[in-house]
Amino acid sequence: MASALDGIIILDLTDGPAGALGTMFLGEHGARVIRVLDLHAVAPRQGGFLVWDRAKEQTRLDFALLTPGSAGATTAAYEHLLRCADVLIEDFAPSSPRQTLVNDDWLSSLTPRLIHCSITAYGKHGPLKDEPPIDDLVMARLGILGSQPGFRPAPVHVVHPLPSVGAAMFAAQGIAAALLAREKTGVGLTVETSLMAGALLYHPKVTG
């Protein structure tokens, strides 16, 4: 029996748990997920990634040689992957130099049908936009640790990475919706979510 996302190709440029989990959801519905790794990355992913990365393919590119619009062989290989893909998902920080690799204007000129999903820590604007994507810190800032019942007064630590899990769900849902919209319009969309949004999904008492 065919799966819902059979024939869909997803390029995964993420490093964090949210992207890994989100693409795992999509892969389990039939999508082909290709992780694009930096050629110089040496440490294999451990822990939960051993589950989240299952059934994904991998390819390596030298990110230092990637320059959109250039004539280099590495850039040509990256552009070929983009043209073959339906979805690109990344979790680059808003001020990261790697943002040039996922510039929406350049991506849409290269392949208008591509869906670009971006996962950040706190969104792409505001004073926290470049803060690190650390689940415990996001939960503390959003008041989740301060609202948990426990054996002592708050804050009470929550082991489960709620922000990353919530962001993974939002990313997968947004990508699925964008794929459906593309069937009607023929044009890809940009999908954005954040660990902050994922944390709010589980917040027991949002008052403002």
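**Pockets and nonpolar cores**

In this predicted model, helix H1 gives the largest share of the lining of the second largest pocket, namely three residues. Both H1 and strand E5 supply at least two residues each to the lining of that pocket, which has a volume of about 240 Å³. Its lining is made up of 19 residues, and those closest to the centre of the pocket are Asp91, Thr120, Ala121, Pro133 and Leu195. Sorted by class, this lining holds 10 nonpolar, four polar and five charged residues.

Strand E2 (32-38), helix H2 (49-52) and strand E3 (57-61) each contribute at least two residues to the lining of the largest pocket, with E2 providing the largest share, four residues. This lining comprises 11 nonpolar, two polar and seven charged residues.

The largest nonpolar core contains 30 residues, of which Ile10, Leu26, Ile89, Cys117, Ile119, Ile175 and Leu179 touch the most other members. Two or more residues of this core come from each of helix H1 (17-28), strand E4 (87-90), strand E5 (115-120), helix H5 (135-141), helix H6 (162-185) and helix H7 (195-201), and H6 gives the most, with seven residues. Apart from residues up to four places away in sequence, Ile89 is in contact with Ile10, Leu11, Asp12, Leu13, Thr14, Gly19, Thr23, Cys117, Ile119, Ala171 and Ile175.

Note on methods:
Residues are numbered from 1 along each chain as its sequence is written. This is a predicted model: local features need pLDDT of at least 70, side-chain atom pairs count only at pLDDT 80 or more; totals for chains, interfaces and linings use all residues. Side-chain values use heavy atoms; hydrogens and water are left out. A nonpolar core is a set of buried Ala, Val, Leu, Ile, Met, Phe, Trp, Tyr and Cys residues joined through side-chain atoms within 4.5 Å. Buried means under 20% relative accessible area, exposed over 50%, partly exposed in between (1.4 Å probe, protein chains only). Contact means heavy atoms within 4.5 Å. Ala, Val, Leu, Ile, Met, Phe, Trp, Tyr, Cys and Pro count as nonpolar, Asp, Glu, Lys and Arg as charged, and the others, Gly among them, as polar. On a 1 Å grid over the protein atoms alone, a cavity is a set of points where a 1.4 Å probe fits but cannot get out, and a pocket is an open set with protein on both sides within 12 Å along at least five of seven lines; lining residues have an atom within 4 Å of a point. Grid points are joined across faces, edges and corners, and a volume is the space filled by probe spheres set on the points.
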